[in-house]
Structure formats: structure tokens, C-alpha cells
Amino acid sequence: MLDPRTARPFPIVAAEAVRDTQMRGNVRHATEVIQNKRARVVAERGDWQALREAGKRLREHAIRNMDAYLLEFERNCTRAGGTVHWARDAAEAQAIVVKLASEAVGASAGTPTAGRPAPGEVIKIKSMTTEEIHLNGALEAAGIRPYETDLAELIIQLGQDQPSHIVVPALHKNRQQIREIFRREMQLPELGETPQELAEAARQFLREKFLRVETAISGANFLIAETGGVCVVESEGNGRMCLTLPKTLITIAGIDKVVARFRDLEVLVQTLPRSATGERMNPYNSIWTGVRPGDGPQNFHVVLLDNGRTDVLADEPARQTLHCIRCGACQNACPVYRETGGHAYGSVYAGPIGAILTPQLLGMQHAQSLPYASSLCGACYEVCPVKINIPEVLIHLRSRVVKEQAASISGRLHPEALAMRAAASVFRSERRFRAAQRAGRMAMKTMARDDGAGQPWIRSLPGYLGGWTSVRDLKAMPKQTFREWWEQRPHRTADGQDRNKPGVPDHPTGTTKQPPASVESA
Amino acid sequence: MPRHALRLGGILQVALFITCYNDTLFPECGKSVVRVLERLGHTVEFPAGQTCCGQMHANTGYRDEALPLVARFVEQFAHAEAVVIPSSSCVTTIREQYPSMATELEERGGHAGLSRAVHDLLPRVFEFSEFLTKRLGLADVGAYYPHRVTYHASCHGLRALGLGDGPVDLLRAVGGIELVTLPNVERCCGFGGTFAVKNAAVSGAMLAEKVRDVQNTGAEICCACDNSCLMHIGGALHRQSTGIRTVHLAEILAAEEGDPV
Ligand code: SF4
């Protein structure tokens, strides 16, 4: 189970993932395909940057006024015949959904035996929020069997696997692997591996569930405050089945999914599909508002989940995390995710969005390594349809990690913390900086070997820095630093005058126009 | 007389911020920057009290340790007509993080006017290639470099600074050069500062892909606007005995006809 509270640190799991060449190949292939499709449909829009800016603004507005908009949503949803529930955390949300599902299932399954509800079933449309709260386990413990109906989630469920991507949860599996899972779990030993055959097998498997099961659980892409409507966009139509056929529909959504107005969707239903799957429009866009007699589910509940989101709201530099519309574009663009796949992140939210969201939802003591699971290359920010500056948030969260570590003795004495503080002290003084350069040159000299071409290189570094020389050499420090060279060179201005006059050493007055002569003997 | 005596903005007094790691490990880069700027007719000064911009600290989460370096940088460079920095990642730190860090320092007391000073200074801070292409409006700086070269667009240069085609335009104008495009040029090489040691395995995997791309170009030289990426890429090229060398863009632009090849 992907649980950040028990997951091992990212660098350890990632190092294992990097050795899984099959998985990496699958992830690289899939992310490249989606990225190329995305690039094509984004390039069609001359106003793409304006759409991103508009998306950012309307999400910012919704999140900043989240309290008011959630209440407005509740009012309008209730008026339309829905019932709104509020869940502070995963446990509360589980309890609410299990109770509602048990009631619904009990009602449709007939008489409970010995005070316990008869074993029931629910169908589910893909929802990362239910993965976040580990709902399936809670349902099963209550005797309710959930069937995932999104093709990728079905693959994950049948394969007893975990989602590795928020839009394409089975992205780490290839077609042959999927065929093996279907053959085994659907008892179809002759199944082929063309997309048509696999889709047909899933269709047969699911159709029977759609027609039989009377309770559905969905997630939501957007909660529309103005109308009380709930919006789900998808590609397969299986979600539409779940949203329309059953008698009872339970939707669970993070409180961050709220948008102010119906017309906000104008922007978001353009940017979301282009970013997520490289489609101009999602094939299925469903919006339902409460209950309509004789049409669709007659019992409709919305569970609004906090689970740490209001804490994110309180941290201003990180608040933009909540603007996310879960398109997964940052995952596809991320060069780290590309090498590790999603499971290394120890959470259903993998990749760049996971690296900023997971530690915030669960408290920084969990997932401390996640804000460091990035080279800060900025590819995520570039593709994000609502312009979340993920590198900025990562850096902010890193400073929170360091602050928390500094609160303990062992944290303060950690080799990295000691080295960083020593380096900071060196950089605060020109004199100490020069001394450190000299010391560094001496140390490197003892470690360096001639590479056969007359150049001194280091092939192995000790301790913390050993990671560097695992795959690379380090060129030893040259005999002269730049500043040593500068100080001994004859200085001339453009008109040929010598301007090599002594400056003021280590005295940052801001007016040292002349380059100083050697400030102290090297 | 300099071959490209500048008419655009006249002769500029350029303050060089060499950056701590270029100073210590890559002095040739700094020498080359000086050579190019002086060849173009500008004067170069080197404020002696400069050390480090604070990037490593700020990006690793040691913000408190980075803060004094903001004040130091401003003290050293506030007077400058133009500050030139041959490191796209350091310029990114200064441009993107200094404003909020200066505000924080000021709020803590003892640094009155620092935000204002940062605000005033930032428009005069340039990455080296950016200074040539955007501030001076140049492409041809009179260089000659008869080698097969590929250009690695460091992430900070590409995305944070938006250097665009600037560095490539400069390279195209170099005499004798054979410029080959690096495939997947927008993909990170996997350096990422302390990322390379904290997540050594992933960094190594990213590096392996980059090295393969570099090798596929058949280039003798891989250049960039940031020696930190190059230290990382060059370290692997050396470990694998590929014979491909890494050099900073400034070293190529500094080279002239008649230089020893
Ligand atoms: S952070 Fe941006 S790119 Fe990543 S999933 Fe969220 S909306 Fe998409």
C-alpha cells in the first residue's frame, strides 16, 4: 500500500526503481507518447499562455475564498437534492463512505443476516482521492467489494498493484504485462494483446458490473460553487456509466476541487484534457447537480475531504499547491519521474505534484525526502496548466525540512547540516573563502591521480560526496584560482592605463571600483 | 583597437561576479569572460569581497545561511553599471530568490533599504551570454574555434532565464565551428546541486541518458552556460573515457584565430 507514513525514503526506493529496466522502459515510453501528444495540441493554441494565466487566476481566487465557496457549494448541492458531508481526515471520510455504502448496499442486497449487512458491491470510477484515503481497504473490511471501472485502475486492482500516475495509474505496465493480468484474473487463457482485444475483455468484464451493481463511488474534477454541480471528465465512458446507472452515487472530493463559477470550466475543460492526455477535449464531460426524479441516481452524497488541505492553505508560499487540477502533465515532463516511475514517491501523488503535496498533507515529518526528489529543472512549472511554480514550492518546503531538523540535536549534528553551516561561514568572509580554497586544493591534490593525459582527476571521494564519484570523475582544482590569476595579471583599462591599484580587502563597501592587489599572501 | 568596439551603449564598466565554484574550479571560464569583454572594448572589474551567491544553501533549504550572502552580493555590486555572471543557475538564484530574501532580511532588522537595492540592481545583472545578446545586441564576438561542438541548454538558462536561441546564435557566429544539435536539449542532465549526491542513483540515470545524447552527436566538445552541469556531464564523459571535453561557452567565444588548438 502506498502510505507516506510508512514509505521508505525516496532515494532508497528510487535507487531500486532505477535498476528495474522493464518498468523504466515502460514509463519512458508512456510519458514520451503523452508528452508528444500534449505538445501538439498545446501548440495549436495561440492563446495557451493566456489560458494558463486565466487558469491560475481562477484557481487562486477559488482557493483564497475556499471557505465561502464550499458553503455556497453545500447550499446549492443540498437545494438540488444532494447531501453534503464534511470529513476532517481520512478516517472520518472512510467512516462516512463506508456507512453510506453499507446503507445503500444493504438496501439493495435485501435482508442483513445476523445484524451484519449482506456482502455488497460498489462500482468505482477512478478517483485518486479515494486512493489517498485508502478507501478500498476500508470497504473490503466492511464486507463491501469495490470494482474499479476505469481501465487503468482495473488493471491495478486485478494485478494487486498500486497506481503510479494520477491520470494513467497503470502507466508502468506494458501491454504484455496487462494481458498476463487479464488472462489470470479474468480466466481468459487465450486472450491476445492488441489494444482492441484487451479493451474488449475489460468491456465484457465491466458491463456485467454496470448492469448489476446499484451503488457507485466517484471522485470529482471540479465542484462548482455557483450551481452545486459536480464535474467529472474522462476518456472511456465508464465513469458516465457509474454516474448514471446506479441508484446511489457517493462522490468524494478534496475541498481544493472547488471552483467559483460554472463559466470557470470554460478555461479548465480546455487546459485539463490538453495537459492530461493530449486530447483537445475529453470524450466524456459529465456534470450532475443533485438529484432529478426518474433520471440517474436517486440518492446522491458528496463527501468533502480536508485531510491536511487547510494546513496547506495556511502556509502562504506553498498555498499554490492547492491550485492543482491533477492533470499529471508535471509527472510526464519530470526527468526524475521518468527514471523512477511513481511508486518511489510512496504516495498516490507521485512526481513533482506529489513531491510538494504529500509532505504537506501529512506533515513534514513524513516524506521529508520528497522535496529533495527534484533537480529543480523547472520542466514541471513550464507545463503546469495553472502555473504552479513547483520549484519555488520545493525550495520553500526544503527550508521547512531544514528548520524542523534544526530543532533536534541529531538534526543539528547531521553531517550535511554541519557542512552547510561551515560552508556558509566560509562564504561570509573573503579571507576564510581564500583559506578554504587553499585547503581544498591541498586536499584534492592528495586524492587526484594523473589521468594519462596529464590532467589530475579524482576517481573516488569519501563519505557524503561518494555519490558523486559513483558514476563521474572530478577534475582536481587547478593550480590557480580565478582571483589569484586576476590579482597577478597586469590590469589595463580600455585606454591602456594600468588600474591595478589595491582595493579594500574583505570590506564590502560596495564602492571598490578598482580590482584589489593580492589581499593576503596565498 | 577592439574588433567590436561597442557603439550601442558605449564602453561599459562591467563588474564580474565569477561565482564561488568558477573561481575555485574553473578559472579558465573567468579568464575567458574577461578576454571576450575586453576584446569588445569594455572594462572589467572584480570586486574583491565577492564569494558566493548562496545558491547551494538556498536551494538545499538552508535559507538562513544564504541570507547574509544576499547582503554581501548587494554590497559588492550595487555600484556596478552591469554585473556579468558566467553561471545561469546563479543568475536564477539572484533573480528569483533575492527579492524575497532581501525582504526577509529587512524585516529581521539591520538591513534597511536592502529590498530597494536588490530591486534596483537586478535589471543590471546578466548571465554572460545574455549580456552579449540582450544587453549588447551581439551575435558575432569575433571568435574562432575550429571544433565540432554541441550545446547543452542548462535548465536554468533555458527555462528560468529564457536565454532562448541567444547562446546558439553566439555559437553560430563563431568562425571555423561545426555546431551540432544535441537531441533532447530541453531535458535536465541530472545535476541539480546537492541532488547529485542526495539522489545519486537517479542523478546517475539522468546523466547516463544525457551522455548518450552527447555521444550521439559525434561532437568533440560539449559546451554550456553553466559549469555546474558541465562538471557533472564532463565527469561522466571522463569516467567513460569518451574523449569528449566540456567547456564553458565563454571559452569558445574567447578563442581567436591563431590560438593554439
Ligand atoms: S501541479 Fe500542475 S501540472 Fe502537476 S498535476 Fe497539478 S495542475 Fe497538472
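How many salt bridges are there between chain B and chain A? The count is 9, a salt bridge being a side-chain nitrogen of Lys or Arg within 4 Å of a carboxyl oxygen of Asp or Glu.

This is a predicted model, in which local features need pLDDT of at least 70 and side-chain atom pairs count only at pLDDT 80 or more, while totals for chains, interfaces and linings use all residues. Residues are numbered from 1 along each chain as its sequence is written, chains are lettered from A and ligands numbered from 1 in the order in which they are written, and side-chain values use heavy atoms, with hydrogens and water left out.

**View 1. The contact between chain B and chain A.** Chain B contributes 69 residues and chain A 75 residues; contact means heavy atoms within 4.5 Å. The two chains bury about 6,300 Å² between them, 61% of it on carbon and sulfur atoms. Buried area is the accessible area (1.4 Å probe) that two parts lose on being put together, summed over both.

View 2. D473(A) pairs with R239(B) in a salt bridge. Their closest N and O atoms are 2.5 Å apart. On the side of chain B that touches chain A, helix α11 (residues 200–217) of chain B supplies the largest share, 9 residues. Helices (H or I, at least four residues) and strands (E, at least two) are DSSP runs, numbered from the N terminus.

**View 3. Chain B as a whole.** Chain B has 13 helices and 8 strands. Its C-alpha atoms fill a box of roughly 55 × 50 × 30 Å, taken along the principal axes. Buried residues make up 67% of its 261 residues. Buried means under 20% relative accessible area, exposed over 50%, partly exposed in between (1.4 Å probe, protein chains only).

**View 4. R179(A) in its helix.** R179(A) sits in helix α9 (residues 175–185) of chain A. R179(A) counts as buried because its relative accessibility is 17%. Not counting residues up to four places away in sequence, R179(A) touches L191(A), G192(A), E193(A) and L198(A).

View 5. Q160(A) is not a glycine, yet has a positive phi of about 50 degrees. Q160(A) lies in the loop between α8 (151–158) and α9 of chain A. At 74% relative accessibility, Q160(A) is exposed. R326(A), also not a glycine, has a positive phi of about 55 degrees. R326(A) is in the loop between α13 (309–314) and α14 (329–333) of chain A. At 11% relative accessibility, R326(A) is buried.
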